[in-house]
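Reader: I have a model open and I'd like to learn how to read its features one by one. Could you walk me through it?

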Amino acid sequence: MTSVPRICILGGGFGGLYTALRLHQLIWEPGQKPEITLIDRQTNFLFTPLLYELITGEMQSWEIAPPFAELLKGTDIRFVQGSVKQVAADADLSQQVQKSVTLEDGTEIPYDRLVLALGCETPSDLVSGVIENAIPFRSLEDAYRLDAKLRVLEASSIERIRIAIVGGGYTGVEVACKLADRLKERGRIRLIQSRNTILPNAKEFNRNAALKALEQRGIWVDLETNVSEITADSIGLTYKDKTDIIPVEIVMWTVGNQVSPAINHFGLPLNAQGKITVSDTLQVTDNPEIFALGDAAAILNDGQIIPTTAQVAFQQSDFVAWNVWSSLTDRPLLPFRYTDLGEMMILGDDNAVLSSFGIQFDGPLAYLTRRLVYLYRLPTLEHQLKVGFNWLTQPLVKLLS
């Protein structure tokens with residue numbers, strides 16, 4: 001290892017960015033402060049839990065997707081935009097081979113500690129026509145694409161805007177409610193779920209609140225229904241071996257998660273689901289200098305599988321930062337323990353549901369609480385202040401305009 005340790009972090013989502021910021025905050029002895037490099041395909045961080053607010057225009061993209069350059073200003077963290085091609089996990093000094101990350105453009109970045117936080121993608125090869133005709137909802141580009149299509153339809157003479165949302169999990173339910181509140185009487189929204197209930201992993205109070213919100217908005221819910229195909233203007237739905245072709249203007253695809261394909265080329269141990277296997281200290285199996293967290297890591301908590309959520313990645317980032325620091329300063333590493341802080345869902349304009357530590361409520365108060373919690377979770381104090389000030393002044397701006 002060189003005199004100055006080099007830490008490379010792949011992925012600038014909750015796991016990667018928050019690990020980098022935490023590492024910067026930790027106290028390092030003189031001459032030990034590391035070189036930290038954060039690598040991501042995008043130029044902007046995305047606070048995904050607030051992506052839904054773009055559908056109804058409640059928030060602006062700068063609030064939920066600030067540039068990495070802005071967030072890392074005033075730190076020693078170097079940001080590199082690029083896609084990862086390969087990871088060299090073994091060093092061979094005799095052949096002058098060092099542990100390094102290779103990007104698609106050929107750039108090599110050496111490391112002494114590597115953090116993998118590449119996240120997941122929405123699988124698009126499950127049904128014919130998904131890639132060509134459906135819109136996922138995971139990125140800023142997805143939100144822009146949806147908004148552009150909605151604007152065209154809203155400006156047209158079409159009487160009803162028919163939207164099918166495939167997937168009755170958190171994303172599907174939250175998108176459905178937001179779209180219903182945007183389109184109001186003009187929208188005809190259908191939520192399609194292959195299982196016998198929506199939100200199968202949600203807390204019962206939250207599931208019931210979501211069902212109530214969907215019913216109030218006139219959103220059709222098709223349970224135990226599968227999709228056979230998607231075309232430019234229709235969707236095939238199969239229920240009890242009978243398939244109907246339903247005309248639609250928009251199909252949203254919010255089904256499942258799949259690990260980033262790049263991980264398959266790293267030569268690291270994977271489980272049956274293609275996730276990287278790690279110890280309780282979040283170190284990759286047989287590779288103690290590599291740490292993994294977030295959606296792409298196979299992490300158990302007291303023998304139980306933990307959910308792939310921003311909350312989990314947020315908590316893991318603290319442990320990874322501490323353990324990377326500890327491994328470089330000869331301190332004991334800490335085993336990761338997940339604390340379930342509850343769950344929140346947005347269910348339309350001025351409506352949300354919250355279950356946490358035995359407290360359960362929905363409506364405008366839950367909406368406000370969710371906003372404040374996420375304001376606190378924004379990555380830097382400067383950005384929190386900018387967004388908070390904007391929220392406080394918005395009502396006044398609207399009143400004067």
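**Salt bridges, strands and a helix**

Author: Let's begin with a contact: the side chains of Arg 190 and Asp 222 meet in a salt bridge, 2.7 Å from N to O. The pair ties together distant parts of the chain, with Arg 190 in strand β11 and Asp 222 in strand β12 (residues 220-222), 32 residues apart. Keep in mind that this is a predicted model.

Reader: Is Asp 222 buried or exposed?

Author: The cut-off to remember is that buried means under 20% relative accessible area. Asp 222 has 17% relative accessibility, so it counts as buried.

Reader: Which residue does Arg 6 meet in a salt bridge?

Author: Its partner is Asp 112, at 3.2 Å from N to O. This pair also links distant parts of the chain: Arg 6 sits in strand β1 (residues 6-10) and Asp 112 in the loop between β6 (108-110) and β7, 106 residues apart. Arg 6 counts as buried at 17% relative accessibility, and Asp 112 counts as buried at 8%.

Reader: Let's move on to strands. In what order do the six strands of the open sheet come?

Author: A general idea to carry along: in a regular strand the side chains alternate between the two faces of the sheet. Here, the order across the open sheet is β3-β2-β1-β7-β20-β19, and the pairing is mixed. The edges belong to β3 (78-81) and β19, each of which has a single partner strand, so one side of each lacks a neighbour in the sheet.

Reader: Which strands pair with β20, and in which sense?

Author: On one side, strand β7 (residues 113-116) pairs with β20 in the parallel sense over three bridges. Within that pairing, Val 115 has Phe 291 as its bridge partner, and Leu 116 has Ala 292. Strand β19 (residues 283-284) runs antiparallel to β20 and is joined to it by two bridges. Phe 291 turns up again here, as the bridge partner of Gln 283.

Reader: Why is β20 said to be largely enclosed?

Author: Five of the six residues of β20 (residues 287-292) are buried, so the rest of the structure largely encloses this strand.

Reader: What lies between β19 and β20?

Author: They form a hairpin with two residues between them, and Asp 286 in the turn has a positive phi of about 65°. As background, most residues other than glycine have a negative phi.

Reader: Now a helix. What span should α7 have?

Author: At 1.5 Å a residue, the 13 residues of α7 (residues 204-216) should span 18 Å, and the end C-alpha atoms are 18 Å apart, which agrees. The buried residues of α7 are Asn 206, Arg 207, Ala 209, Ala 210, Ala 213 and Leu 214. They cover an arc of only 165° around the axis, which puts them on the same side of α7. The face turned away from that buried side carries the exposed residues Glu 204, Glu 215 and Gln 216.

Reader: Last one: which residues form a nonpolar patch on the surface?

Author: Leu 365, Leu 368 and Leu 372 do, with about 300 Å² of accessible area together. Leu 368 has its place in helix α9 (residues 364-377) and is partly exposed, with a relative accessible area of 46%.

Terms used:
Residues are numbered from 1 along each chain as its sequence is written. This is a predicted model: local features need pLDDT of at least 70, side-chain atom pairs count only at pLDDT 80 or more; totals for chains, interfaces and linings use all residues. Side-chain values use heavy atoms; hydrogens and water are left out. Buried means under 20% relative accessible area, exposed over 50%, partly exposed in between (1.4 Å probe, protein chains only). Helices (H or I, at least four residues) and strands (E, at least two) are DSSP runs, numbered from the N terminus. Two strands pair if DSSP finds at least two bridges between them. Patches are made of residues with over 30% relative accessible area and no salt bridge: like charges are joined within 9 Å, nonpolar side chains (Val, Leu, Ile, Met, Phe, Trp, Tyr) within 5 Å. Accessible areas come from the Shrake-Rupley method with a 1.4 Å probe; for residues, only the protein chains shown count as cover. A salt bridge is a side-chain nitrogen of Lys or Arg within 4 Å of a carboxyl oxygen of Asp or Glu. The expected span of a helix is 1.5 Å times one less than its number of residues. The arc is that of the directions from the helix axis to the C-beta atoms.
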